[in-house]
Amino acid sequence: MTSALRSFGLSLPDYPWEAMAPYHARAAEHPGGVANLSIGTPVDPTPEVVQEALRAAANAPGYPTVHGTPALREAIAAWFERRRGVPGLDPQNVMPTVGSKELVAWLPFLLGLKPGDVVVRPTVAYPTYDIGATFAGAEHIAADDLDELDAATRARVRLVWVNSPGNPTGSVRDTASLQRIVAQARDLGAVVASDECYAELGWGEWDIQRGGSPVPSILDPKVADGSHEGLLAVYSLSKQSNLAGYRAAFVAGDPEIMANLVNSRKHAGMIVPYPVQEAMRVALGDDAHVQAQKDLYRGRRDRIVPALQGFGLAIQESRAGLYLWATAGEDTWRTVSRLADRGIVVGPGVFYGDAGNGFIRVALTATDERIDAAAARLATGP
């Protein structure tokens, strides 16, 4: 290969999960097998009603629409009103995406951000927010409130990511907190994009099935102050409906921004396959499977939390979502190593920013049998 050819390719950090290989190997030596509580990938079956919708739409010889079928967009708008407290959303201002991760990664570029612009993401956050800024040549900065930034930096902010419920911490922003970030961003002329894909999985005060309040959306009238200007909500069906393998998600919000995103994605061929669009439409209209899945996660959570606490881990935040954010008051990798010795694999908090040092992320996305195996090992030793 010539030296000129060696210059091709993006200069990105190594994918962080590769660093977990030795801990996976150590955990695999456990006679009871690995209890993998590290990656948030669903393990329960895709609901049959959704599988049937996919099969029924399998004869799809023509190109699908980037904007989404009218029926799908109407289903998304109806879902926002029924489940997220957002009435009257115009289906024109909705679009399916190829999972939520691709939208997170490409949104800064699609918004036209450029070198010198700033993307703000939560202090402890999913690393793809930073990667998206990098793709656009913009700068990424960690902050949970725009008042944490100096005046010169604030003036360059063009996109603010909100992640509520948060990955990995499970933190939830209440209505007042969201109102504040919206007001701050609007003062700067910045867009607020809210990644809300864990919103159906609230616990404690946010568990609506146990008398709690629903997790608020950035598009809620109480938050948006009567206008979706500068606001985008991002959602995925991977978590609530076990559709990670379908790459089924959507974005909704500001009419002008949405029209531009639709046009740009038409040029780029960013299209959700028609059978998946139909599966999404059916999934969004069926609340029963969402409730059943949440009940499974609640049971797993109720069993693993006391076991982790008995092992000496303090659970922090973890008010919603599929993860428990925990610390033993020691270096992250020390905790990861001690758990690997018991055949348990967890996510290192350092993957989510400097503020994650000392923490681990424990996923509830394991079978009941593996959750119970992990709980037993935590209680009695290897």
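1. Basis. Residues are numbered from 1 along each chain as its sequence is written, and side-chain values use heavy atoms, with hydrogens and water left out. In this predicted model, local features need pLDDT of at least 70 and side-chain atom pairs count only at pLDDT 80 or more, whereas totals for chains, interfaces and linings use all residues.

2. Strand E7. Strand E7 covers residues 231-236; helices (H or I, at least four residues) and strands (E, at least two) are DSSP runs, numbered from the N terminus. Six of the six residues of E7 are buried, so the strand is largely enclosed by the rest of the structure. Buried here means under 20% relative accessible area (1.4 Å probe, protein chains only). One side of E7 carries Leu 231, Ala 233 and Tyr 235, the other Leu 232, Val 234 and Ser 236, and both faces are covered.

3. Neighbours of E7. Two strands pair if DSSP finds at least two bridges between them. Strand E6 (residues 191-195) runs parallel to E7 and is joined to it by four bridges; Asp 195 has Val 234 of E7 as its bridge partner. With strand E8 (residues 248-253), E7 pairs in the antiparallel sense over five bridges, and Ala 233 is partnered by Ala 252 of E8.

4. Helix H13. In helix H13 (residues 332-340), the buried residues are Thr 332, Thr 335, Val 336, Ser 337, Leu 339 and Ala 340. These buried residues pack (contact: heavy atoms within 4.5 Å) against helices H1 (21-28) and H14 (368-380) and strands E11 (344-348) and E12 (359-363). At the N-terminal end, Asp 331 caps H13, with a side-chain oxygen 2.9 Å from the backbone nitrogen of Trp 333.

5. Largest pocket. A pocket is an open set of points on a 1 Å grid over the protein atoms alone where a 1.4 Å probe fits, with protein on both sides within 12 Å along at least five of seven lines; lining residues have an atom within 4 Å of a point. The largest pocket holds about 940 Å³ of space. Its lining has 41 residues, and the closest to its centre are Tyr 15, Lys 101, Tyr 126, Pro 127 and Thr 128. Helices H4 (99-110), H5 (128-136) and H9 (238-241) each give two or more residues to this lining, and H5 provides the largest share, six residues.

6. Second largest pocket. This pocket has a volume of about 380 Å³. Among its 26 lining residues, Pro 122, Asp 144, Asn 163, Thr 169 and Ser 171 lie nearest its centre. Strand E5 gives the most to the lining, with four residues.

Definitions and conventions
Buried < 20%, exposed > 50% of the residue type's maximum accessible area, 1.4 Å probe, protein only. Polar contact = N/O pair within 3.5 Å; in protein donor to acceptor, adjacent residues only side chain to side chain. Points joined across faces, edges and corners; volume = space filled by probe spheres on them.
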